Structure formats: structure tokens, C-alpha cells
Amino acid sequence: MAYTIEEAKRLIIKAGLELCEKQLIARTWGNISARISDTEFVITPSGIPYDKVNNDNLVVVKIEDCSWSGEVKPSGEKKVHAAIYKALPGVNFILHTHQNYATAISVDGKDKDFVPVAKYGLPSTKKLVKNIAKAVVANPDKNAVLMARHGAVIYSDNFDDAFKIALDLEEQSKALFDKVATKKTAKQEAKPYLDDYAQMFGHSSKAVEEDKEAVELIKFKNSLAASYQSKLKPMKCLDVTLQHFIYKKKYSKLAKNAK
């Protein structure tokens, strides 16, 4: 059963804070949503840290066309959420996390016994939405899908189950990682294996300087991904370059709007 808008907002705010506490999400990466009817869902805003998310900046989005009203822009991954709500009428709560070990094991793009992996697509693109929707529909017995080189999307009929699935996913992902991880050189670890590592290049030098903890977390996650398999190749140069320019523009706009 869909949530009321008041309950949806309360649970989304709660989820953001708890996911940060459990280190399953960080900075402004990831997103959270809750269904409020057959036609609408509430989702976290774009570019706002989870401790700053409140009732006023959460956004109501139409499932059919992802339209919204108001001055606050919804998450760039709103179409991923809409696609899942369309495909699975019983889903009422969605978490898109960048949890460490689940992200690391997504990097090879191969399905795992406990979770499918959607093929790679650049963030916020039609290709990514299509690939995730395909993986969701192809695995009706699962409640999570990994996005290759990106993170995880977890979905359930309620908040409590979704949160438990995210924790279980991280535990299983770490167990798999521990079986196959290998040592990497500093040079290998400095190459981009993950989307959020590639996106870091789009930060202005000032943003990197002011967000050292996030940068260290991103480097750690990328190091895990680099250690996941001995023959793992880094991201394509074109994808890294595209993200550099896309996110440089995004962060410049956010910094300008914050003044």
C-alpha cells in the first residue's frame, strides 16, 4: 500500500540519516523515494546533503513522465525510480545506495548468485534507466540490482524491508569480495574504476579541499574496486572525460546557487 505524503517524507528523511550512519551512502550521492499513489512518488532533491533534506525540499514526481512542480530539482536518477515503480506495482520504497562492497563487486558487470548486475550506463542517462529496468524485470525474485561501476538500487513494499535488504546486500558483497580480492599497486588504484571516482574529477579544487572526508571515502571505494579482480580494466577514457565535464558543470552551478 502506498504511503501518505507525510509518511513518505518522514521515512525518506529517516532513511537518509540512517544510511549515512551505516555508511551505505555519502555526500549527495544516491537517492531515496517512496510511492504515494499509483501515479506519484516522493524523492530526494538533487545536490542536497542528507542532513539538509527536509519536508520542504523533498519533491513529488509523476511516475508516468517524471514531471514535477516547484523550484527544487529532484534527483537526477528519478527516471530509475519511476521505471521500477512502473514495472513493480507492489514496490513502495526505493533506496539507491553507493555502499562500499556492493559497489566494488559491481565493477565487473557480472551477475552474482545473490544479486543481478545491470549493464553499465552513464549516470542519469536513458541507457542506465533501460539497463536497470531490464535487470529488474528479468529477476522478479530479487529485491536489489547492482548498477555496474555505480552502486545498488534496492526496492521493497516498505521502508523496513528495504533497509534490511541494503544491509544484507553489503554483508554478502563483503563476503564475496574477501574471497577474491587481490593486492593492487598505487598506480592501479589511482585509475578510475567507479563512477563516483570519475565524478570526483569534476569537482572544483575548492570543493575537493572542503570535502576531504568524501574524497578519502571515494578513493577507498575505488581501491576496493581495483582490488576486486586481477584482470579488471579501469573505466573507458571517454566515460571518465564525459563525467569530468558533466559534473564540473553541475558542481559549478550548485556552488553558484549556494551563494
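This is a predicted model: local features need pLDDT of at least 70, side-chain atom pairs count only at pLDDT 80 or more; totals for chains, interfaces and linings use all residues.

Reader: Which strands pair with strand 1, and in what sense?

Author: Strand 1 (residues 31–35) pairs with strand 4 (residues 93–97) in the antiparallel sense over 4 bridges, and within strand 4 it is His96 that stands opposite Asn31. Strand 1 also runs antiparallel to strand 2 (residues 40–43), to which 3 bridges join it; here Ala34 has Val42 of strand 2 as its bridge partner. Strand 1 and strand 2 form a hairpin, with 4 residues between them.

Reader: And how many bridges pair strand 2 with strand 3?

Author: Strand 2 and strand 3 are paired over 4 bridges, again in the antiparallel sense, and Ile43 has Val59 of strand 3 as its bridge partner. When you look at any of these strands, keep in mind that in a regular strand the side chains alternate between the two faces of the sheet.

Reader: Turning to the helices, how many residues of helix 2 are buried, and what do they pack against?

Author: Burial is read from relative accessible area, with a residue counted as buried when the value is under 20%. Helix 2 is mostly covered, since 7 of its 10 residues are buried, namely Lys78, Val80, His81, Ala82, Ala83, Ile84 and Tyr85. The buried residues of helix 2 pack against strand 1, strand 2, strand 4, helix 4 (126–138), strand 6 and strand 7.

Reader: Is Gly16 buried or exposed, and which residues is it in contact with beyond its neighbours within four places in sequence?

Author: Gly16 sits in helix 1 (residues 5–21), and because its relative accessibility is 2%, Gly16 counts as buried. Leaving aside the neighbours within four places in sequence, Gly16 is in contact with Ile25, Ile32 and Tyr50. The C-alpha atoms of Gly16 and Asp51 are separated by 7.6 Å, although these two residues are 35 residues apart along the chain.

Reader: Which residues have a positive phi although they are not glycines, and where do they lie?

Author: One of them is Cys66, whose phi is about 60°; Cys66 lies in the loop between strand 3 and helix 2 (78–87), and it counts as buried because its relative accessibility is 9%. Another is Arg149, with a positive phi of about 65°, placed in the loop between strand 6 (144–147) and strand 7 (151–156). Arg149 also counts as buried, because its relative accessibility is 16%.

Reader: Finally, what is the volume of the largest cavity, and which residues are closest to its centre?

Author: The largest cavity has a volume of about 80 Å³. Of the 13 residues lining this cavity, those closest to its centre are Ile25, Ala26, His98, Leu217 and Lys221. Helix 9 (residues 212–228) gives the largest share of the lining, with 4 residues, and by class the lining divides into 7 nonpolar, 3 polar and 3 charged residues.

Reader: How much space lies in the second largest pocket, and what lines it?

Author: The second largest pocket holds about 320 Å³ of space. It is lined by 15 residues, of which Tyr120, Gly121, Arg149, Lys236 and Asp239 are the closest to its centre. The lining of this pocket has 7 nonpolar, 2 polar and 6 charged residues.

Note on methods: Residues are numbered from 1 along each chain as its sequence is written. Side-chain values use heavy atoms; hydrogens and water are left out. Helices (H or I, at least four residues) and strands (E, at least two) are DSSP runs, numbered from the N terminus. Buried means under 20% relative accessible area, exposed over 50%, partly exposed in between (1.4 Å probe, protein chains only). Contact means heavy atoms within 4.5 Å. On a 1 Å grid over the protein atoms alone, a cavity is a set of points where a 1.4 Å probe fits but cannot get out, and a pocket is an open set with protein on both sides within 12 Å along at least five of seven lines; lining residues have an atom within 4 Å of a point. Grid points are joined across faces, edges and corners, and a volume is the space filled by probe spheres set on the points. Ala, Val, Leu, Ile, Met, Phe, Trp, Tyr, Cys and Pro count as nonpolar, Asp, Glu, Lys and Arg as charged, and the others, Gly among them, as polar. Two strands pair if DSSP finds at least two bridges between them.
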